Structures are given as C-alpha cells and as structure tokens.
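Have the structure open as you read.

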Amino acid sequence: MKMQIKVLHVTAGKPVAFIHEYSANKLGIHAGDRVILSKNGSNIIAVVDLAKGFIKKGEVTISEELHDSLGRVHGNIEVTPAGAAESSKILQDRLECKSYSAKELDKIMSDIVSNKISEVEIAYFISGVSHCGMSETEVLNMTKAIVKTGKKIKWPYKIVADKHSIGGIPANRTTPLVVAICAAAGVIMPKTSSRAITSAAGTADTIESISPVSISITELKKIVRKTGACLAWGGSLGLAPADDKLIRVEKMLRLDPEPQLLASILAKKVAVGSTHVLIEIPYGSGAKVSKSGAEHLKKMFEHLGKKLKLKVIVAVTPGFEPIGNGVGPILEIKDILRVLKQDNSPKDLEQKSIYLSGLILEMVGKTKKSQGQVKAREILYSGQAYEKFCEIIRAQGGDPKAWLPEAKYHHTIVSKHSGIIKNINNNSINYLARLAGCPIDKASGVYLYKHIGDKIKSGESIVTIYCESAGKLSQAVKFFKNSKPITISKDA
C-alpha cells in the first residue's frame with residue numbers, strides 16, 4: 001500500500017511508524033507488528049503503532065531516526081507487512097534449553113539489528129539465556145555474531161590496550177584515571193565506555209560532564225592519533241549494535257545473565273580493535289558476583305579471550321563498598337580531578353587506579369614484572385597523567401577546567417552517635433543516587449564522607465544528597481532514612 005510520509009519531529013529510541021487504525025486494518029496489521037517501508041530501492045523495517053487524530057488515513061508518520069535511515073525521503077512510500085522473522089521460529093524451538101548453533105545466533109543477532117524481531121522476543125531470548133545458560137562454545141559464537149552486526153575498527157598499532165569493569169560498584173571511576181596514566185606512558189588506549197544501566201553513572205555519563213563523548217569513528221581515530229587515547233561513548237560508534245539493543249532490554253528486565261555479560265564485553269573489545277584487555281571483576285556482598293563467581297568469570301574471560309586472539313588478564317578486586325567519595329556524574333569527575341591533581345585525592349580510588357594501570361603497563365611490556373605500580377605512581381604524582389587527561393579531553397572538544405555546578409538542592413545527613421562504619425550497601429547507594437536524579441541530572445548524586453572501618457563522631461556528616469528538585473531530594477532523604485544503607489556500630 002502506498003502511503004504519504006509525514007515526519008514526527010521527535011526521537012523515539014527505535015524506528016517507529018505511526019499508522020491510522022483504518023489503514024492498519026486494510027493492511028491486516030496490529031500495534032507492535034513490523035512493516036517494511038520501501039522507497040527508491042531502499043527497505044527498512046519499522047515497529048507499528050496505531051493512532052488517529054494527528055494522522056490521516058493513508059499517511060504513515062515516522063520518527064526522526066527512521067526518516068534519517070530512509071535518507072530523509074519525502075512523498076509516497078510503499079508500506080507492506082513484514083512476515084515473521086526466521087529467528088522467531090528459532091526462539092520458539094528453544095523452550096527445552098537446547099543449544100544454539102553458530103548459524104542460529106548469527107540470524108538472531110542480525111534480526112535484532114534489522115528490527116525484524118520485537119523487544120518482547122528479545123526479552124524472551126535474554127530470559128532464556130538467563131534460565132538455561134550457555135556453553136562456552138555458544139558464548140563464543142554469540143560474541144562473534146554480535147561483532148558481525150556492526151563496524152570494526154582497525155589500527156596500525158601492534159598493541160592496542162583496553163580496560164573494562166563488569167560494574168555494580170558505585171562510583172569506581174578508575175577508567176579515566178587508568179587511561180590517562182597508561183596513555184602518558186605511551187600505551188594506545190581508544191577507550192569506549194557505556195552509559196549507566198543500573199548504576200548512578202557510567203564512564204560515558206561522567207566524562208560527558210566536561211566533554212562530548214558521542215563521536216564518530218573518523219573523529220575517534222583522529223583523537224587517538226593525536227593523543228594516544230580517547231574516552232568515548234561506545235553507543236555512538238555503531239560497534240556491535242546488537243549488543244546495544246540487548247542491553248536496553250536487559251535494563252528493562254533487570255537481568256544481566258553471565259553469557260550475555262561475557263559476550264557483550266568481549267564483542268566490544270574485538271570491535272574496537274583491542275589486542276590487550278584488562279578486565280576488572282569486583283566481588284563481594286555488594287557486587288554482582290561472589291568471590292567464587294568472580295574466579296569462574298575470570299577463567300571464562302581468559303579462555304574466550306584466547307579463542308578470540310585477545311591477550312586478556314583479569315583483576316579480581318574487593319567490591320564491598322563504593323570506590324571514591326562522589327556518586328553521580330559531576331561528583332565523580334570531581335573525584336577524578338582530585339586524584340589527577342593530587343588535591344585532597346580519595347585514596348581508595350587513587351590506589352586502585354594505580355594498581356590497575358600497573359597491570360596494563362606490565363601486560364603491554366612498558367615495565368618489568370612487579371614494576372607496573374611503581375611506574376604508574378610516578379606518572380600520576382609527576383603530573384603527567386593530568387596533562388595527558390587534559391590533552392585527551394581538549395582533543396574531544398571538551399574543557400578539563402570546565403565549571404562544574406552544584407545541584408540546586410542538597411541535604412546532609414549526620415550521625416546520631418559515635419562509632420565505626422560497619423557496612424555500606426552498594427545497591428542501596430546506587431538506587432539512592434538514581435532517586436536523586438542520576439545519571440540524567442549531572443550534578444545530582446551522593447557524596448560519602450566515610451568508608452567501611454572509618455570512625456565517626458556524633459553529629460559528623462555521613463552523606464550529602466544532591467538533587468535538582470526539592471521533590472527528588474525529599475524522596476531520596478526518605479529512602480535513606482528508611483533503608484539505612486550505611487550501618488554504624490555504636491561506641492560501647
């Protein structure tokens with residue numbers, strides 16, 4: 001059926017086509033179905049939503065991103081129902097937890113990227129992976145399938161290093177510090193990072209406080225040639241786009257199954273052209289995994305890395321509490337700058353960054369074994385890391401000395417008695433920071449004055465909560481008082 005294009009000047013986050021109920025009935029389609037839009041030999045699949053009032057019979061209203069994908073065409077366009085995707089049948093056949101073949105995983109990932117299967121079906125796939133698990137071979141095949149869905153960066157360098165944490169720990173913003181230290185030592189590190197999924201901020205959210213992070217592959221290569229590194233958002237590069245869609249549905253389901261975690265991380269490393277990768281796995285009661293779980297993941301990453309021709313080393317680290325003091329984009333960038341400038345530096349964040357940097361320096365041959373931390377500390381304390389960080393940020397179009405505003409509203413919670421900090425619940429701190437407005441409101445978040453084992457006096461500050469609205473502040477303070485995310489033992 002030929003229909004008149006009408007562009008709705010909004011972004012929907014996915015390719016959506018709005019059709020009048022009358023036209024949908026004639027085509028025999030329903031809300032949530034897929035249609036093929038064809039114009040000048042180009043075809044694209046879109047998700048159908050039904051409407052009336054702002055759309056006429058015979059019109060198809062498309063979102064901005066869909067209009068861009070179609071080459072900003074105008075006039076009439078052919079609209080036809082899309083048949084059931086081949087991967088839909090594959091998913092239905094997996095009710096008994098049978099293994100996926102490499103060909104089947106290729107098809108599923110391809111159909112995810114081309115919008116041939118719905119978010120409900122993607123959720124079905126993720127839930128199946130969570131319930132049934134995957135063999136090492138399946139994870140390897142899924143990793144390769146995800147890489148095939150997008151672009152792959154090639155570098156003229158023999159060694160290209162990367163670093164990744166599986167996440168779960170509030171703040172823990174070691175990546176910018178590790179990149180600055182290692183790049184100052186001459187290591188090539190084109191670092192691409194994610195935005196927050198369940199945490200208060202991802203590395204991309206934090207760096208965005210002072211610099212653009214949405215850059216093209218051409219721009220990324222130019223920045224790396226100039227500075228040796230970058231701090232970019234991976235979602236802007238078109239690398240492994242199937243993974244981006246899987247992550248979006250995982251976020252809604254609040255699921256992060258191990259096979260998907262492994263494939264997601266490794267696919268991004270392969271796609272960005274890495275040769276040497278450090279993966280950090282925090283463990284503990286407040287982390288994603290236990291110590292035994294971390295050791296299991298370590299073996300999986302190392303085995304899969306070899307098969308993908310990556311040099312992978314894994315650092316298993318304690319994850320019982322937040323790392324650093326600030327939780328939230330601007331609060332975290334302030335911590336990073338304090339470490340780089342050695343100005344009231346949060347020592348836990350500083351030491352962990354030196355440790356991880358040292359592992360990379362040893363792995364790529366910049367120092368002898370056991371000398372990595374010595375070199376990393378020297379680079380940090382001499383100011384070379386700060387200079388390199390500023391160089392990277394400026395090359396990306398940012399300003400390392402940008403004004404960092406404080407949120408409009410804040411409230412400090414003080415201890416009612418003297419004692420020792422016994423526990424800080426990572427999940428509750430992350431949730432508290434999100435209640436405060438993270439990561440959307442850059443200045444919102446939580447500032448921690450104490451860590452586990454620290455003494456605290458009656459009337460001394462425990463945390464300050466920062467918000468951009470009085471309503472969010474009230475909600476966040478109420479949550480803190482009810483959930484008690486920080487436990488303090490009373491003095492005898």
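**Rings, charges and cysteines**

The structure holds five aromatic pairs, where rings of Phe, Tyr and Trp (its six-membered ring) pair if their centres lie within 6.5 Å, and planes under 30 degrees apart count as stacked, over 60 as edge-to-face and the rest as tilted. There's also one disulfide, meaning a pair of cysteine sulfur atoms within 2.5 Å.

Keep in mind that this is a predicted model, in which local features need pLDDT of at least 70 and side-chain atom pairs count only at pLDDT 80 or more, while totals for chains, interfaces and linings use all residues. Residues are numbered from 1 along each chain as its sequence is written, and side-chain values use heavy atoms, with hydrogens and water left out.

**Aromatic pairs**

- Helices (H or I, at least four residues) and strands (E, at least two) are DSSP runs, numbered from the N terminus.
- Tyr-283 is buried at 14% relative accessibility, while Phe-320 is partly exposed at 38%. Buried means under 20% relative accessible area, exposed over 50%, and partly exposed in between (1.4 Å probe, protein chains only).
- Tyr-431 and Phe-479 are another edge-to-face pair, at 5.0 Å centre to centre and 65° between the planes.
- That pair links distant parts of the chain, with Tyr-431 in helix H17 (residues 426–436) and Phe-479 in helix H18 (residues 470–483), 48 residues apart.
- Tyr-431 is partly exposed, at 42% relative accessible area.

**Charges over rings**

- Lys-57 has its charged end over the ring of Tyr-22, 4.5 Å from the centre. The cut-offs are NZ of Lys or CZ of Arg within 6 Å of the ring centre and within 35 degrees of the ring normal.
- Arg-195 puts its charged end over the ring of Trp-233, 4.5 Å from the centre.

**Cysteines**

- Cys-97 and Cys-132 are joined by a disulfide, S to S 1.9 Å.
- The torsion about their S-S bond is about -60°, so the disulfide is left-handed.
- Cys-97 is partly exposed at 37% relative accessibility, and Cys-132 is partly exposed at 33%.
- Cys-182 is in no disulfide, and its nearest cysteine sulfur, that of Cys-230, is 14 Å away.
- Cys-467 has its closest cysteine sulfur in Cys-438, 8.4 Å off and too far for a bond.
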